[in-house]
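I shall ask you to look at the structure together with me, one part at a time.

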Amino acid sequence: CITHNGLPALAGFAIQSPQFLAYKTLITQEMLKKGYLAGTSVYVCTEHTPDILDRFFEALSPVFGLIQECEQGRDVMPLLNGPLCHAGFKRLN
C-alpha cells in the first residue's frame, strides 16, 4: 500500500511495509542510475513540463515493479548496492 502526503509543491509518498527503508534506498539507487536524484519526496516547479514528468514516471515505474516483486517474496537486500538510508533526521544524530 502506498500513501501520499504533503503539499502540491512538495509531495511525498510512503510505502507501508516493514521494508520501507530498503524500498526508499532502492528507489534512490535505481533512479540515480537513470539520472534522477529521487526518493520518496517530489519537489516540483514550473520548469517541470509534462514531458519531464512523463520521463520521470517512466523511469520510476520499473522500480515500483521491483518493489512489487519484493512484496511478493523477492528479497530486496541483494538488490541494494550500499547501506540502507536513514529514517527522518537520524542521519544528523
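Let us begin with Glu-69, which counts as partly exposed at 36% relative accessibility; that label covers values between the two limits, where buried means under 20% relative accessible area and exposed over 50%, with a 1.4 Å probe and protein chains only. The side chain of Glu-69 meets that of Arg-74 in a salt bridge, at 2.6 Å from N to O. By definition, a salt bridge is a side-chain nitrogen of Lys or Arg within 4 Å of a carboxyl oxygen of Asp or Glu. Arg-74 is partly exposed as well, with a relative accessible area of 38%.

Before I continue, a word on the basis of these values. This is a predicted model, in which local features need pLDDT of at least 70 and side-chain atom pairs count only at pLDDT 80 or more, while totals for chains, interfaces and linings use all residues. Residues are numbered from 1 along each chain as its sequence is written, and side-chain values use heavy atoms, with hydrogens and water left out.

How many salt bridges does the rule give? The count comes to three. In another of them, the side chains of Lys-33 and Glu-30 meet at 3.0 Å, N to O. Both residues lie in helix H1, residues 20-33, and they are three residues apart, about one turn of the helix. Helices here are DSSP runs of H or I with at least four residues, strands are runs of E with at least two, and both are numbered from the N terminus.

Arg-55 counts as partly exposed at 42% relative accessibility, and Asp-51 is partly exposed with a relative accessible area of 45%.

Leu-53 also lies in helix H2, which spans residues 50-71. This leucine is partly exposed, with a relative accessible area of 31%. Together with Val-44 and Phe-57, Leu-53 forms a nonpolar patch on the surface, with about 230 Å² of accessible area together. Patches are made of residues with over 30% relative accessible area and no salt bridge; like charges are joined within 9 Å, and nonpolar side chains (Val, Leu, Ile, Met, Phe, Trp, Tyr) within 5 Å. The areas come from the Shrake-Rupley method with a 1.4 Å probe, and for residues only the protein chains shown count as cover.

I turn now to the sheet. Three strands form an open sheet in the order E1-E2-E3, with antiparallel pairing. Why do two of the strands have a side without a neighbour in the sheet? Strand E1 (2-7) and strand E3 (41-43) stand at the edges with a single partner strand each, so one side of each is left without a neighbour. Two strands pair if DSSP finds at least two bridges between them.

E1 and E2 pair over six bridges in the antiparallel sense, and they form a hairpin with two residues between them. Within this pair, Asn-5 stands opposite Gly-12 in E2. Strand E1 is hardly covered, for the count of buried residues among its six residues is zero. Strand E2, residues 10-15, pairs with E3 over three bridges, again in the antiparallel sense, and Ala-11 stands opposite Val-42 in E3.
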